[in-house]
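Hi,

Here is the structure I promised to pass on. Have a look at it first, and then read my notes below.

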Protein chains: 2
Amino acid sequence: MSDLKISEKTVTLVDHVESKLFKFITSRKLRVGDAIPNENELAEALGVSRSVLREALSRLRMLGVIESRTRRGMVLCEPNMFGGFQRVINPLILGDESLINLLGFRIALELGICSAIIDNITDDDIAELDDIVKRGPAVDLNFYKAESEYEFHSKLYEVTGNQSIIQFQELVYPVTQFVHNKFRDYFEPINRKLIRNGQIVTHDDILHFIKNRDKEGLKTAMERHFEPYNRFLTVKRTVTGDRSIAVSKKKTKTR
Amino acid sequence: MSDLKISEKTVTLVDHVESKLFKFITSRKLRVGDAIPNENELAEALGVSRSVLREALSRLRMLGVIESRTRRGMVLCEPNMFGGFQRVINPLILGDESLINLLGFRIALELGICSAIIDNITDDDIAELDDIVKRGPAVDLNFYKAESEYEFHSKLYEVTGNQSIIQFQELVYPVTQFVHNKFRDYFEPINRKLIRNGQIVTHDDILHFIKNRDKEGLKTAMERHFEPYNRFLTVKRTVTGDRSIAVSKKKTKTR
DNA sequence: AAATACAAATTTGTAATACAAATCTGATAT
DNA sequence: ATATCAGATTTGTATTACAAATTTGTATTT
């Protein structure tokens with residue numbers, strides 16, 4: 001026998017039942033609104049007690065896959081795809097590494113919507129952005145007032161018209177603020193340096209390119225706007241020597 | 001009284017307890033590995049039966065927020081942020097609108113990592129990409145063999161070194177394939193037209209820009225590579241007239 | 001015959017009890 | 001001091017019971 005006994009993750013009956021319920025739903029091609037057999041039937045069919053079945057059902061209910069009303073029984077629903085995500089995106093639950101990855105995720109996503117922004121934006125949208133920029137000028141070192149910062153970026157996401165992107169941004173945005181505050185000491189010198197060199201790109205600059213419908217300009221401006229974060233991410237990687245990065249860095253980076 | 005009685009979503013005790021458990025964890029600033037009071041204590045403290053408590057705990061267990069081993073009790077864990085997401089990202093569970101939004105999400109993300117790819121890519125990575133491209137040439141109409149297609153894009157994500165991005169891609173990728181198959185009738189004419197006009201951008205083209213470390217070139221190439229999908233997304237929006245889009249289109253789009 | 005009122009049955013939500021399995025603790029014996 | 005064994009603790013599972021809500025069916029009345 002092995003002498004290591006790490007993380008004896010016992011797979012419980014509830015885990016199995018949960019999985020079987022998902023299979024039940026998908027294999028029968030049930031559609032939203034379809035009824036699901038009542039608890040006693042299900043428990044009997046799966047050969048488990050009602051307690052175990054209900055623990056599994058409770059999970060599906062949390063995800064929004066099913067809903068139940070007394071007497072009417074249970075029905076299949078279309079879940080919000082970020083329902084579970086929402087519950088764990090919390091700096092007090094996630095570790096620093098995950099949070100930093102999320103920050104990188106958000107930045108990539110925001111760079112990626114630049115093109116769609118130019119394609120979709122209306123004059124009304126631009127007027128709104130103008131308003132937001134005027135109401136919340138840069139306070140210090142590329143740090144905007146929190147509300148203005150949020151409004152500006154949120155508005156950009158809104159312009160894509162993609163509900164999944166919008167919702168994701170809403171959930172992840174607070175993480176940006178958290179990382180910013182927690183690692184303030186990293187950001188400040190980076191920002192000072194960028195300011196000295198006149199390399200800071202403000203919301204005003206970004207808006208300028210949007211007004212001109214200048215796709216390439218917007219992409220570049222956005223990338224520069226996130227420069228402090230990117231530098232931070234690079235610093236963090238080399239400093240903490242985190243494993244996931246180390247793996248991909250193992251390979252020779254020449255040239 | 002109102003005559004509509006839509007979706008009388010009853011908030012159950014389990015819902016409350018779930019929420020209280022999250023609050024318990026965050027308010028006490030518990031860290032990964034910290035013990036959690038045993039079930040009887042918790043049930044008593046929250047004033048509910050052990051059954052209700054366990055239904056709530058079952059949800060946290062599913063998300064990976066807690067783990068429990070017999071006798072040792074329960075401990076706090078760092079959840080995989082996409083644990084819940086993973087369970088519902090399934091074309092048989094999600095509706096078409098959500099799937100199409102997800103496709104748009106993935107494309108935006110992939111456009112957004114272009115810059116990071118050039119910054120991080122090593123010669124070894126390029127050799128691997130070269131291999132993938134050689135092994136799986138375009139079969140027909142910009143449709144690669146499924147495995148090659150997956151390998152190529154996966155490799156690009158891998159280069160970012162961002163675990164959250166990598167995992168997200170792995171979960172969402174199948175959706176691309178699904179949408180592609182389901183709406184094949186939309187894609188084919190679009191592809192034919194692009195091919196006629198010589199506007200198709202292949203993996204080979206993309207790799208070319210990567211080899212030259214040409215950031216701007218890569219971005220443009222990638223955008224063109226996704227052109228069929230973008231046209232599809234535009235068509236879908238105007239055809240289905242989906243509400244979420246309609247809202248953002250309500251505003252006058254002049255110029 | 002129709003409409004109203006009332007009773008019964010069904011289904012989920014909650015509680016309580018019981019016991020098995022696993023494993024940590026401590027005591028006892030050598 | 002070490003080894004062994006019994007007991008206690010904690011989660012996993014099953015069972016029973018009942019409350020609440022709502023649909024369905026029945027009966028009564030006009």
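Which side chains meet in a salt bridge with 3.8 Å from N to O? They belong to Lys215(A) and Glu223(B). Before you read too much into that, keep in mind that this is a predicted model.

On the side of chain B that touches chain A, helix 5 (residues 96-112) of chain B gives the largest share, with nine residues. Sort the residues of that side by type and you get 29 charged, 25 nonpolar and 24 polar.

Now for the interface as a whole. The size of an interface is often given as the accessible area lost when the parts come together. Here chain B and chain A bury about 6,600 Å² between them, and 53% of that is on carbon and sulfur atoms. In terms of residues, 78 of chain B are in contact with 78 of chain A.

One more thing to find on your screen is a sheet in chain A. Three strands make up this open sheet, in the order 1-3-2, with antiparallel pairing. Strand 1 (35-36) and strand 2 (66-69) of chain A are the edge strands, each pairing on one side only. Strand 1 of chain A pairs with strand 3 (residues 73-76) of chain A over two bridges.

Cheers

Methods
Residues are numbered from 1 along each chain as its sequence is written. Chains are lettered from A and ligands numbered from 1 in the order in which they are written. This is a predicted model: local features need pLDDT of at least 70, side-chain atom pairs count only at pLDDT 80 or more; totals for chains, interfaces and linings use all residues. Side-chain values use heavy atoms; hydrogens and water are left out. Contact means heavy atoms within 4.5 Å. Buried area is the accessible area (1.4 Å probe) that two parts lose on being put together, summed over both. A salt bridge is a side-chain nitrogen of Lys or Arg within 4 Å of a carboxyl oxygen of Asp or Glu. Helices (H or I, at least four residues) and strands (E, at least two) are DSSP runs, numbered from the N terminus. Ala, Val, Leu, Ile, Met, Phe, Trp, Tyr, Cys and Pro count as nonpolar, Asp, Glu, Lys and Arg as charged, and the others, Gly among them, as polar. Two strands pair if DSSP finds at least two bridges between them.
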